[in-house]
Amino acid sequence: MVVVAKTSEVPNFGKKVVTVSGREILLVNVKGTLFAVENECPHQGSPMNAAVVKDGYISCPRHGYRFNLVDGSCAEHPECVLTTFPVQLTGDDILVEA
Ligand code: FES
């Protein structure tokens, strides 16, 4: 796991894009729980940092596909799965396994 950000950089209901090994990862804070997903929609590649986060789902801004933040699944379009990454908090540090 690598340190990618400080918790203060991703406030509640906030997002932040970080780069790990050349890959853009979007950090999402939902009421203190941190999620990490690929910053690229598996449908047609739209950046996910402009996505709307609600009720445990992140919705792509382009065509509205909704992905589960925990496992990246999309109930309406099961062929599209958003890549998710394990996240760990250590003190003020956010660590991601990518
Ligand atoms: S590019 Fe994300 S839903 Fe189409």
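Two residues are in contact if their C-beta atoms, placed from the backbone, lie within 7 Å. In this predicted model, Leu 26 is in contact with Lys 15, Val 17, Val 37, Asn 39, Met 48 and Asn 49, leaving aside its neighbours within four places in sequence.

## Overall make-up

The protein has 10 strands and 0 helices. Read from the N terminus, its elements therefore run β-β-β-β-β-β-β-β-β-β.

A compact globule of 98 residues would have a radius of gyration near 13 Å, and the 12 Å of the protein agrees with this. The C-alpha trace spans about 35 × 25 × 20 Å along the principal axes of the protein.

Of the 98 residues, 21% count as buried. Contacts can also be sorted by how far apart the two residues lie in sequence. Among those between residues at least 6 apart, 36% join residues at least 24 apart.

## The nonpolar core

The largest nonpolar core holds 20 residues. Within this core, Leu 26, Leu 27, Val 28, Val 37, Met 48 and Ile 58 touch the most other members. Two of these, Val 37 and Met 48, are also among the contacts of Leu 26.

Which elements give two or more residues to this core? They are β3, residues 23–30, and β4, residues 33–38. The most comes from β3, with 4 residues.

Strands of a sheet pair through backbone hydrogen bonds, either parallel or antiparallel.

Strand β9 is joined to β10, residues 93–96, by 4 bridges, and the two run antiparallel.

## Val 4 in β1

Val 4 has its place in strand β1. Is Val 4 buried or exposed? A residue is buried if 20 or more other C-beta atoms lie within 10 Å of its own. Val 4 counts as buried because it has 22 C-beta neighbours inside 10 Å.

Not counting residues up to four places away in sequence, Val 4 touches Val 18, Val 20, Ile 94, Leu 95 and Val 96. The C-alpha atoms of Val 4 and Glu 97 are separated by 9.8 Å, although these residues are 93 apart along the chain.

## Gly 91, between β9 and β10

The loop between β9 and β10 contains Gly 91.

Gly 91 and Lys 6 are 85 residues apart along the chain, and their C-alpha atoms are separated by 8.9 Å.

## The sheet of β5, β6 and β7

Another open sheet is formed by 3 strands in the order β5-β6-β7, with antiparallel pairing. On its edges are β5, at 52–54, and β7, at 66–68, each pairing on one side only. The twist in this sheet averages 25° from one strand to the next.

Strand β5 pairs with β6, residues 57–59, in the antiparallel sense over 3 bridges. Lys 54 stands opposite Tyr 57 in β6.

## Two loop residues with positive phi

Where is Asp 55 found? Asp 55 is in the loop between β5 and β6. Its phi is near 50°, a positive value in a residue other than glycine. Asp 55 is exposed because 7 other C-beta atoms lie within 10 Å, and the limit for exposed is 12 or fewer.

Lys 31 is found in the loop between β3 and β4. Phi of Lys 31 is near 50°, again a positive value in a residue other than glycine. With 6 other C-beta atoms within 10 Å, Lys 31 is exposed.

Terms used: Residues are numbered from 1 along each chain as its sequence is written. This is a predicted model: local features need pLDDT of at least 70, side-chain atom pairs count only at pLDDT 80 or more; totals for chains, interfaces and linings use all residues. Two strands pair if DSSP finds at least two bridges between them. The radius of gyration is taken over C-alpha atoms; the globule rule is 2.2 Å times the number of residues to the power 0.38. A nonpolar core is a set of buried Ala, Val, Leu, Ile, Met, Phe, Trp, Tyr and Cys residues joined through C-beta atoms within 7 Å. Axes are lines fitted to C-alpha atoms, for helices over the stretch in contact, and angles run from 0 to 180 degrees between N-to-C directions.
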